[in-house]
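This report describes a predicted model, with attention to charged side-chain pairs and to the surroundings of a DNA strand. The sequence and structure are shown below.

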There are 2 protein chains.
Amino acid sequence: MSDIRILLVDDHPVVRAGLRAMLADFPGVTVVAEAADGDAALAELRRLHTLGEPVDLVLMDLQMGAGMDGVTATGKIKAGEAGSPPPPVLILTTYDTDADILAAVEAGASGYMLKDAPPEQIRQAVLSAAAGQTALAPEVAARLMGRIRNPSPALSAREVELLELLATGMSNRAMAKQLFISEATVKTHLVHIYSKLGVDNRTAAIAAATQRRIIRGR
Amino acid sequence: MSDIRILLVDDHPVVRAGLRAMLADFPGVTVVAEAADGDAALAELRRLHTLGEPVDLVLMDLQMGAGMDGVTATGKIKAGEAGSPPPPVLILTTYDTDADILAAVEAGASGYMLKDAPPEQIRQAVLSAAAGQTALAPEVAARLMGRIRNPSPALSAREVELLELLATGMSNRAMAKQLFISEATVKTHLVHIYSKLGVDNRTAAIAAATQRRIIRGR
DNA sequence: CGGCCAGTCATCCAAATGGTTGATTCCGGC
DNA sequence: GCCGGAATCAACCATTTGGATGACTGGCCG
């Protein structure tokens, strides 16, 4: 039986080198290509596919400095844009916020590991994912469980819209003008937002929303 | 002439492996020890020092998942707590906000590199730092230069400190307690911050500070 | 030495924000 | 066709925040 053929996708040369070194120590796996962002990853997959040497597993980071991000790339890969059948995608990232995890799972990722995981855990995840199984880091699994147990109420589209203006530093009056509604309505929305996010002032709302990736950070 | 003896400090096994692999390709350097956080780093330095095998350079990450953070550890190392003379400390991290950079420099770091830097740049920085020189990533240097050229009024250290608490959503009262000062003082600082950033409320201050990378978003 | 600035604190007042209650409209689902 | 949720607005009141002025201290610089 031949080795598991892997594509590494990460924008940090240091991390790619680390994964390459780590995977080299695992018998049964081979890194056949690397990419620094989602675009390059898709190109590599297509190239290898047309060569008749498809990859068996994609190890993907979520945050890329520039170019297509990991979630988008995962979605495109699973949509078959880089050849079918699409290979499993194992997310390997630093963050473990709810929004990140859900987005990745929705995009079709087969697993979600954290970079600070011990090598043995990563090895297990790689083997599981390549075999078509799901591989979740314990921390991630715990977070998902907790989320199912007590789901945080979803913000409405209008509320998110308001939150985005809020994050730019606008006053209630300014937001009211911008959205063609009264200040009273703005306040009502804010109160709803606060209660859904479990905070009691606008700056904390921004912090919470940014943390949960409801709105953009920086 | 013997090799430059290096201690790696990073909480991610993957990153440590990457740095080890990358440094192994550079002639003239040897990784003699690794640590996953600041406490372990200090312990390693002391151990090697008593063995009569001091390290010539510490490669330090700033963010550690648990244990002592990089800035604190750098400060302690430069204070001679792990043997003197203290070795140069080269910061190697993911972020490049003003607050991070200033804190590291104040703690006594000899340089500041970003993890997404190409290997050659990292190699140069390692050699420079080991030789007792300063090594700044181009992005970081540019930021510092721009800061000097730009007449954008610099925030004081205390003001940045306050800004960071502000961004977590704390009220004036909460910040006052946290910083052991009165609410009146907090308000004074805020007014100064607003005028320096050209804004007139706290959320706008956070937006401006995040935009200018004075503090970290998310 | 004298001046300046950061940091500290106080007081007063005006404006913005947070919290509550209640009401209307519209839409989609059961 | 009724119910519930989202969105809209109003009025009220307590608290927080913003803005101005003034004052004291300790350090740094020329």
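A salt bridge is defined here as a side-chain nitrogen of Lys or Arg within 4 Å of a carboxyl oxygen of Asp or Glu. The model is predicted, so local features need pLDDT of at least 70 and side-chain atom pairs count only at pLDDT 80 or more, while totals for chains, interfaces and linings use all residues; side-chain values use heavy atoms, with hydrogens and water left out. Residues are numbered from 1 along each chain as its sequence is written, and chains are lettered from A and ligands numbered from 1 in the order in which they are written.

**Salt bridges**

Over all chains, the structure holds 21 salt bridges.

| Pair | Distance |
|---|---|
| A:Arg20 and A:Glu34 | 2.3 Å |
| A:Arg5 and A:Glu53 | 3.8 Å |
| A:Lys76 and A:Glu81 | 3.9 Å |

A:Arg5 lies in strand E1 (residues 4-9) of chain A and A:Glu53 in the loop between helix H2 (38-50) and strand E3 (57-60), 48 residues apart. Helices (H or I, at least four residues) and strands (E, at least two) are DSSP runs, numbered from the N terminus. A:Arg5 is partly exposed, with a relative accessible area of 23%, and A:Glu53 is likewise partly exposed, at 38%. On this scale, buried means under 20% relative accessible area, exposed means over 50%, and partly exposed lies in between (1.4 Å probe, protein chains only).

**Surface near DNA strand D**

DNA strand D is surrounded by 17 residues, the closest being A:Ser156, A:Ser182, A:His189, B:Lys187 and B:Tyr194. Of the atoms of DNA strand D that come within 4 Å of the protein, sugar and phosphate account for 67%. A residue counts as near the strand if one of its heavy atoms lies within 4 Å of it. Helix H9 (183-197) of chain A gives the most to this surface, with five residues.

An N or O atom in the side chain of A:Arg158 is 2.8 Å from a phosphate oxygen of DNA strand D, and for A:Thr185 the corresponding distance to a phosphate oxygen is 2.9 Å. A polar side-chain atom of B:Lys187 lies 2.6 Å from a base oxygen of DNA strand D.

Terms used
A polar contact is a pair of N or O atoms within 3.5 Å; within protein, one must be able to donate a hydrogen and the other to accept it, and residues adjacent in sequence count only if both atoms are side-chain atoms.
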